[in-house]
Amino acid sequence: MQPGKARVRKRIARPQRVARATKPTRPAPRSAPGTKTAKVKPLALGDLSQLLGYSIRRAQLWIFKEFSRQLAAFEISPAQFSVLCVIDANPGVNQLAVAQLLSIERAGLGRLVDHLEGRGLVRRTASAINRRYYVLYLTEAGTALLGRLRPAAAESDKALAAKIGPRAYKELRRALSIFVGDA
């Protein structure tokens with residue numbers, strides 16, 4: 001470039017950008033302590049609050065969470081506990097009968113039994129009566145574990161009784177007993 005001559009840049013015309021609709025933003029993270037935040041109004045349940053079925057479902061969720069907490073130390077789920085109880089009460093029970101009694105899909109029960117068998121808690125053998133079926137037995141380890149699980153299950157029931165009161169607990173047990181046989 002020669003002295004005294006200014007360099008001129010050509011400006012290329014570009015198409016103007018069209019403003020796009022923006023995505024809704026996420027709510028801002030919680031403010032630091034000491035700053036004011038708007039209180040969020042809790043959501044209303046609407047008609048759900050009047051439905052007994054919804055209340056029973058919420059109670060079931062609370063009970064399941066409490067029971068899971070009690071069983072966590074043993075690395076056993078409530079469903080696995082149920083299977084152990086049924087096998088203990090019915091040694092040599094058909095695997096399909098357990099699935100039907102507990103309203104568990106056959107494949108789901110198969111996975112549960114696989115897990116319990118892998119832990120050495122359940123023994124599964126072909127039925128002597130019908131080779132297409134498996135029958136289930138608790139092992140010594142399964143029987144011993146179930147003996148340690150029973151107090152945890154009782155603690156879960158005590159927590160429920162404490163939450164709703166002993167009288168309501170007894171009435172609830174009596175009222176719901178009609179469904180125990182409905183499988």
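This is a predicted model: local features need pLDDT of at least 70, side-chain atom pairs count only at pLDDT 80 or more; totals for chains, interfaces and linings use all residues.

Trainee: How many residues does the protein have, and what share of them count as buried?

Mentor: The protein has 183 residues, and 22% of them count as buried. The accessible surface is about 15300 Å², with 56% of that area belonging to carbon and sulfur atoms. For contacts between residues at least 6 apart in sequence, 50% join residues at least 24 apart.

Trainee: How do I read a pocket, and what volume does the largest pocket have?

Mentor: Rolling a probe the size of a water molecule over the atoms shows where empty space is left. In this model the largest pocket has a volume of about 1500 Å³. Its lining holds 30 residues, and those closest to the centre are Q60, I63, L176, F179 and V180. Two or more lining residues come from each of α1 (52-71), α2 (78-89), α3 (95-102), α5 (140-164) and α6 (166-180). By residue type, the lining divides into 21 nonpolar, six polar and three charged.

Trainee: Which residues line the second largest pocket?

Mentor: That pocket has a volume of about 170 Å³. Its lining is made of N94, Q95, L96, A99, R106, A107, L109, R132, Y133 and Y134. The lining of the second largest pocket counts six nonpolar, two polar and two charged residues.

Trainee: Which residues have the most contacts inside the largest nonpolar core?

Mentor: For a core, look at which side chains meet and which elements they come from. The largest nonpolar core has 24 residues, and I76, F81, L84, V122 and L149 have the most contacts inside it. At least two core residues come from each of α1, α2, α3, α4, β3 (134-138) and α5. Take L149 as a case: leaving out residues up to four places away in sequence, L149 touches L71, F74, I76, F81 and L84.

Trainee: Now a charged residue. Is E66 buried or exposed?

Mentor: Compare its relative accessibility with the cut-off. E66 counts as buried because its relative accessibility is 11%, and buried means under 20%. E66 sits in helix α1 and, beyond residues up to four places away in sequence, touches S156 and A159.

Trainee: Where is R123, and which residues does R123 touch?

Mentor: R123 is in strand β2 (residues 122-126). With 42% relative accessibility, R123 counts as partly exposed. Setting aside residues up to four places away in sequence, R123 touches V135, L136, Y137 and T139. The C-alpha atoms of R123 and Y134 are 9.8 Å apart, and the two residues are 11 apart along the chain.

Trainee: What should I look for in the backbone angles?

Mentor: Most residues other than glycine have a negative phi. E75 has a positive phi, near 55 degrees. E75 lies in the loop between α1 and α2 and is exposed, at 60% relative accessible area.

Trainee: Where does S103 lie?

Mentor: S103 lies in the loop between α3 and α4. Phi of S103 is also positive, near 55 degrees, and S103 is exposed, with a relative accessible area of 58%.

Note on methods
Residues are numbered from 1 along each chain as its sequence is written. Side-chain values use heavy atoms; hydrogens and water are left out. Buried means under 20% relative accessible area, exposed over 50%, partly exposed in between (1.4 Å probe, protein chains only). Contact means heavy atoms within 4.5 Å. Accessible areas come from the Shrake-Rupley method with a 1.4 Å probe; for residues, only the protein chains shown count as cover. On a 1 Å grid over the protein atoms alone, a cavity is a set of points where a 1.4 Å probe fits but cannot get out, and a pocket is an open set with protein on both sides within 12 Å along at least five of seven lines; lining residues have an atom within 4 Å of a point. Grid points are joined across faces, edges and corners, and a volume is the space filled by probe spheres set on the points. Helices (H or I, at least four residues) and strands (E, at least two) are DSSP runs, numbered from the N terminus. Ala, Val, Leu, Ile, Met, Phe, Trp, Tyr, Cys and Pro count as nonpolar, Asp, Glu, Lys and Arg as charged, and the others, Gly among them, as polar. A nonpolar core is a set of buried Ala, Val, Leu, Ile, Met, Phe, Trp, Tyr and Cys residues joined through side-chain atoms within 4.5 Å.
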